[in-house]
Amino acid sequence: MDRKTQSKANPETHAGPDAEGHGQGGQPVLHLVGPFAQLLPMSGLPLKGALPDTSLTVLERAGILMEGSRVRAIGPFDQMEQEARRMRATITRLPGNQVALPGLVDAHTHSCFAGSRARDYALRNSGRSYLEIAEAGGGIWDTVTATRKATPEQLRNLLRDRCRRFAADGITTLEVKSGYGLSVEEELKMLRVIAETAADVSQDIIPTCLAAHSMPRDFDGSAGEYLEQIAEELLPVLLKEGLARRVDAFVEQSAFSPDQILPYLETARRLGYDITIHADQFTTGGSEVAIRCGARSADHLEASGPAEIAALAKSDVVATALPGATLGLGCGYTPARALLDAGAALAIASDYNPGSAPMGDLLTQAALLGPAEKISHAEIFAGITFRAAAALGLDDRGALAPGMLADFVLFDTDHYNEILYHQGRLRPSAVWKSGRRIPDSNGKN
């Protein structure tokens with residue numbers, strides 16, 4: 001351990017926990033961490049609507065008592081330390097100032113891919129549009145070609161390396177989509193790679209099938225026939241192999257229209273899939289599809305206007321802003337302020353992908369969304385913790401409270417405002433996932 005996480009507890013108090021956070025005899029290990037200069041539990045806040053910074057609970061000199069992978073209690077560290085010693089718990093006492101937040105949740109990424117789209121980026125900076133580049137042979141199909149050529153081992157290695165970087169950035173739960181296979185065989189290859197990688201990385205990976213990402217250029221048939229083939233030949237196999245329980249679709253001019261996609265999504269719902277939608281990125285229509293299908297989330301929404309905003313606010317669909325796409329494409333931001341003021345639930349995700357959002361830095365992007373859309377720090381932190389978890393249908397993370405997963409991230413500062421103020425330059429000093437510290441890039445605990 002480095003000096004910031006050296007335990008002051010008697011090393012004989014407990015044997016070290018196993019991978020599930022259990023000690024000798026299979027009993028969950030009790031472990032107290034603190035004191036934190038500030039702890040923001042992000043619990044007890046509403047899922048929908050605006051959040052002033054005054055709504056945040058900020059605990060000073062607090063601690064987190066973990067029982068195995070879960071939070072047992074949070075509260076004043078000095079009081080908890082006495083109780084922890086009585087219970088013969090392991091104690092990690094932190095020197096200096098640390099601010100603790102729940103582990104960050106990135107609810108929208110395309111992290112499984114091969115190849116580069118640096119040429120697309122140069123063309124966009126020269127004035128070519130996203131659609132023009134796609135029509136000229138770039139865009140999604142460029143990545144499909146490279147990803148199809150990659151072996152499963154190559155894809156696993158690429159995804160594993162990206163996950164390690166995400167973990168160092170404080171991401172303890174990461175959604176990963178397919179969508180660069182665009183055939184039954186190649187989508188299966190991608191989702192099997194995602195599942196295999198999930199067993200080999202520190203954070204939780206939530207797989208999503210995005211076979212309806214774009215119409216494959218080598219498919220001999222109509223869009224409806226392609227979607228019917230995917231629904232009949234891919235979706236049941238994913239359920240049988242336990243590879244995904246979420247389906248995404250790109251509803252857009254360059255992909256699939258609402259009329260084309262609705263029968264496919266209805267089939268997915270009948271099979272028991274959760275739905276999410278790439279919606280209103282360049283034109284409207286996708287958010288309406290998301291609402292009609294009872295989707296968990298509608299992501300992008302840069303083109304959403306007053307009617308779409310009002311409809312999303314009245315629904316249970318989480319609106320997910322993707323500032324990485326705005327930065328990569330040079331387009332307007334998701335109307336985050338208007339969505340919050342209308343009463344919508346707003347999540348923020350990185351949209352990490354090789355084409356439109358190559359940065360893949362959730363904290364930096366969220367920090368930049370703040371001044372652009374006048375989003376409070378409370379709304380930003382909610383958008384990358386419990387509201388992002390809700391976009392994935394998860395209610396056991398994104399906040400620190402008894403019974404929740406012990407996922408949290410520490411920053412070397414004495415005030416939470418510093419985290420966003422530095423616009424991504426203040427990186428996590430330590431990341432804990434399910435009660436265990438994630439090793440850093442040097443392999444040290």
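Start with the lining of the largest cavity: its residues divide into four nonpolar, eight polar and two charged. Here Ala, Val, Leu, Ile, Met, Phe, Trp, Tyr, Cys and Pro count as nonpolar, Asp, Glu, Lys and Arg as charged, and the others, Gly among them, as polar. A cavity is a set of points on a 1 Å grid over the protein atoms alone where a 1.4 Å probe fits but cannot get out, and lining residues have an atom within 4 Å of a point. This is a predicted model, in which local features need pLDDT of at least 70 and side-chain atom pairs count only at pLDDT 80 or more, while totals for chains, interfaces and linings use all residues. Residues are numbered from 1 along each chain as its sequence is written, and side-chain values use heavy atoms, without hydrogens and water.

The largest cavity has a volume of about 110 Å³, the space filled by probe spheres set on the points. Select H110, Y130, H213, N353 and S356, the closest to its centre of the 14 lining residues.

Show A223, L227, I230 and A231 of α7, which meet Q260, I261, Y264, T267 and L271 of α9; contact means heavy atoms within 4.5 Å. This contact has seven nonpolar, two polar and no charged residues.

Notes
On a 1 Å grid over the protein atoms alone, a cavity is a set of points where a 1.4 Å probe fits but cannot get out, and a pocket is an open set with protein on both sides within 12 Å along at least five of seven lines; lining residues have an atom within 4 Å of a point. Helices (H or I, at least four residues) and strands (E, at least two) are DSSP runs, numbered from the N terminus.
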